[in-house]
Amino acid sequence: MRVRVRILTAGCLVLWTMGYVVMAGAQGTETGKAGAAATKIHGVATRPLTATSAPTVAATPPMGWNSWNFFAGKVTDKDIRDTADLLVSTGMRDAGYVYVNIDDTWEGKRDAEGRIQSNEKFPDMKALADYVHSKGLKLGIYSSPGAKTCAGYEGSLGHEEQDAQTYAEWGIDYLKYDLCSYGGVMKAQAPDDLPAQYKLMREAYEKMHQAIVKTGRPMVYSLCQYGWDSVWEWGPSVGGNLWRTTGDISANFDRMSTIGRGQAGLDRFAGPGHWNDPDMLEVGNGRLTHDENVTHMTLWAMLAAPLIAGNNLTQMTPDVASILMNKEVIAIDQDALGRQGDRLGAEGPLETWWKPLKGDRKGEWKAAIAIFNFGDTAGVSGVPLGLDRDGTMIARDVWSGKDLGKIDSNWRTTIPRHGVVLLVVR
Ligand code: GAL
């Protein structure tokens, strides 16, 4: 490992390489959205890395829980109440997971005035919101700019203002707005004209943004259109606080790591109030092993990604709880500087990512460095960065909780198959 970083003046980092493959900004491995876009962003004019005005919501990446990854179409009012109770009793709320988000399949029919009703699984949405709020949590909901959601339920097309108003009256704090059947509207209205279709898409997202603003209720606005049309370039302009950069995650290592690694190069588009969203966490779902869950959590924290857990809290193991609630890892994700990390380089399946941290006071950590092993056998790596003139830095191994003291280019660590070593350094 031969990349070094030196702090020149307050917070100004310079890195240089000696034979190490620097891949920051290179195309990710996902064949779909984020990977392709990562090559496109070279040369694109970038915004300042820190926002100039304080955002009213999502100053740091939103944290919470969403029903889709585990409950999918089966979610009920009781599941949401149980989850709210467990977010409190497990300590997750106090660790930062405050949004309880109901995904698709809550929607019922519209009444005679066109007002959306919740279906029989959710008998009283206002009462549910009151319950969630009474626990010191916030409630999120889901809809689509299309006539139908992805699961075939009622969408918001033609009812945007009315729906936003209904959400505000119920006490909703977060809206995930999923393109779904609006793709069909785009095609019908602008056949064979992709730029015109994309324009319709942006207008649809802007329309719901304006409808939310009109309610006067602060709501986190989560765009879900799978990264089409390089959404990271225009998401903030339609009021997006976060936007999905990819298709759906699933609870297996290949899909999770492909999505995570595919975020390389998107760091310049994230910041306070507006975040890239590589999809919700699968930690604790499927057959992800301990090391795979640790890798997932670390990668999302390095990406300053929204941390929206998606597991069944009624069956959460102590191991999964300790991964989701590792305070130091959450602090990396939630760092006030609001910088998304990026890949520095790779040697075979070993990838080194780094994320600058605020660290502006004496003794605070200045960066997080993660060395991932995406390979199928254990690997050995050093750390490629020297923060001082003498080529040393003070480091802490976050997952083992061990202070390493001063380390230099001779330091080596073994990284398990599908695992990671996460350091904070100064
Ligand atoms: C997909 C979306 C998922 C989930 C699902 C619900 O489009 O990416 O996260 O919301 O719809 O139908």
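Reader: How far does a polar side-chain atom of Asp178 lie from an oxygen atom of the ligand?
Author: The separation is 2.8 Å, a polar contact (a pair of N or O atoms within 3.5 Å). This is a predicted model, in which local features need pLDDT of at least 70 and side-chain atom pairs 80 or more, while totals for chains, interfaces and linings use all residues. Residues are numbered from 1 along each chain as its sequence is written, and side-chain values use heavy atoms, without hydrogens or water.

Reader: And what are the distances for Asp104 and Asp248?
Author: For Asp104, a side-chain N or O atom is 2.9 Å from a ligand oxygen. For Asp248, a polar side-chain atom comes to 2.5 Å from an oxygen atom of the ligand.

Reader: How much of the ligand does the protein bury?
Author: The protein buries 94% of the 300 Å² that the ligand exposes when taken alone (Shrake-Rupley areas, 1.4 Å probe).

Reader: How many residues surround it?
Author: The ligand is surrounded by 13 residues (a heavy atom within 4 Å). The closest are Asp103, Asp104, Lys176, Asp178 and Asp248.

Reader: Turning to the sheets, in what order do the 8 strands run?
Author: They form an open sheet in the order 11-10-9-8-7-4-3-12, with parallel pairing (strands are DSSP E runs of at least two residues, numbered from the N terminus; a pair needs at least two bridges). Strand 11 (275–277) and strand 12 (307–309) each have a single partner strand, so one side of each lacks a neighbour in the sheet. From one strand to the next, the twist averages 25 degrees (between N-to-C axes fitted to C-alpha atoms, from 0 to 180 degrees).

Reader: How many bridges join strand 4 to strand 7?
Author: Strand 4 (residues 99–101) and strand 7 (residues 138–143) run parallel and are joined by 3 bridges. Within strand 7, Lys138 stands opposite Tyr99.

Reader: What is the order of the sheet of 6 strands, and is its pairing parallel or antiparallel?
Author: The order of this open sheet is 13-14-15-20-17-18, and its pairing is antiparallel. Strand 13 (342–347) and strand 18 (402–407) are the edge strands, each pairing on one side only. Here too there is a figure for the twist: an average of 25 degrees from one strand to the next.

Reader: How do strand 13 and strand 14 pair?
Author: Strand 13 pairs with strand 14 (residues 350–356) in the antiparallel sense over 5 bridges. The bridge partner of Arg343 is Trp353, in strand 14.

Key:
Helix = DSSP H or I, 4+ residues; strand = E, 2+ residues; numbered from the N terminus. Polar contact = N/O pair within 3.5 Å; in protein donor to acceptor, adjacent residues only side chain to side chain.
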